[in-house]
Amino acid sequence: MGLFVQRCTAPDCSKAALGRQDIQEFGLNSKLLRNFEVLNGGPMSGAQISLYNVIGKYMDLSVAGMKTDCTGTLTEKEIESARDQGLSRPKVLLLCPMKKDAFEIIENFRMLIFGDSDKPFVSNYRRFKTEFGDNGFRISDKRKVFDDYRQLMSGNVDDCFRIGVAIAKKSLKLYTPFDESDILVASPVGMRMIVGESTDSERETDFLASIEVLVIDKADLLLMQNWEHLLNVVDSLHILPKKQLTVDVSRVRQWSLEQLAKLYRFF
């Protein structure tokens, strides 16, 4: 993020110089944009827009309203263009160090989807607040520590967790089974307890076969925990599933079937 801030605060920071598009040009849902401004406390900054110009572009293209001649035989190219799935449903894996970080991430999801709505539909939200919310833990005032350390180690600092998140049209579902989730939020050690070791005869890695976006939040803190856990989780991505697939094989992209998904992952 610092690079984008530097670019946007440079003397020549016009849109043409940065080669960026306005956020309205991405065709995002207007409600989502309004909710982001509520979460952001105002319109997107130049740095945020520049960052979104990198991560907010899709390669898939859907064209509606065109008349197509359906007679004749489908070509391989046409069949391939209709493939829109991976080997498993989860597409995003968010790794963060503590439960309080996961709580903030999922709260941001809630704000983006529902904004300041009085009746957001979030399943298992009470359980989520109990397990991931602030548990009141604070470092004793008698201990002489730096203020940033006191802030870091206050709140819910449990570092072993994982939670599945599914996004529906009008709801946010928490604690969904991993193979029915869209987003997985976990700590490296929490995820490693599920996927196991590379030497294990039986491993649970099928749900990580089609991760397209991997976010490593606060990597400096993860380094101070145990970096090996993180490396183990990353090595567990995009392994060919061993169990029966829960997706429609005819819609799975060819590069997923050829185990090339890791080359398309946004890190």
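Reading a predicted protein chain

User: Where is Trp227 placed?

Analyst: Trp227 lies in helix H10 (residues 219–235). Helices (H or I, at least four residues) and strands (E, at least two) are DSSP runs, numbered from the N terminus. This is a predicted model, in which local features need pLDDT of at least 70 and side-chain atom pairs count only at pLDDT 80 or more, while totals for chains, interfaces and linings use all residues. Residues are numbered from 1 along each chain as its sequence is written, and side-chain values use heavy atoms, with hydrogens and water left out.

User: Is Trp227 buried, exposed or partly exposed?

Analyst: Buried means under 20% relative accessible area, exposed over 50%, and partly exposed in between (1.4 Å probe, protein chains only). Trp227 has a relative accessible area of 32%, so Trp227 is partly exposed.

User: Which residues form a nonpolar patch on the surface?

Analyst: Patches are made of residues with over 30% relative accessible area and no salt bridge; like charges are joined within 9 Å, and nonpolar side chains (Val, Leu, Ile, Met, Phe, Trp, Tyr) within 5 Å. A salt bridge is a side-chain nitrogen of Lys or Arg within 4 Å of a carboxyl oxygen of Asp or Glu. Accessible areas come from the Shrake-Rupley method with a 1.4 Å probe; for residues, only the protein chains shown count as cover. Here the patch consists of Leu223, Trp227 and Leu231, which together have about 290 Å² of accessible area.

User: How many helices and strands does the protein chain have, and which strands does E1 join?

Analyst: The chain has eleven helices and six strands. Two strands pair if DSSP finds at least two bridges between them. Strand E1 (residues 92–95) runs parallel to strand E5 (residues 183–186), with four bridges between them; Val92 has Ile183 of E5 as its bridge partner. Four bridges also join E1 to strand E6 (residues 213–216), again in parallel, and there Leu94 stands opposite Val215.

User: Where is Ser181, and what does its side chain contact?

Analyst: Ser181 sits in the loop between strand E4 (172–174) and E5. Its relative accessibility is 0%, so Ser181 counts as buried. A polar contact is a pair of N or O atoms within 3.5 Å; within protein, one must be able to donate a hydrogen and the other to accept it, and residues adjacent in sequence count only if both atoms are side-chain atoms. The Ser181 side chain makes one with the side chain of Thr176 (2.6 Å).
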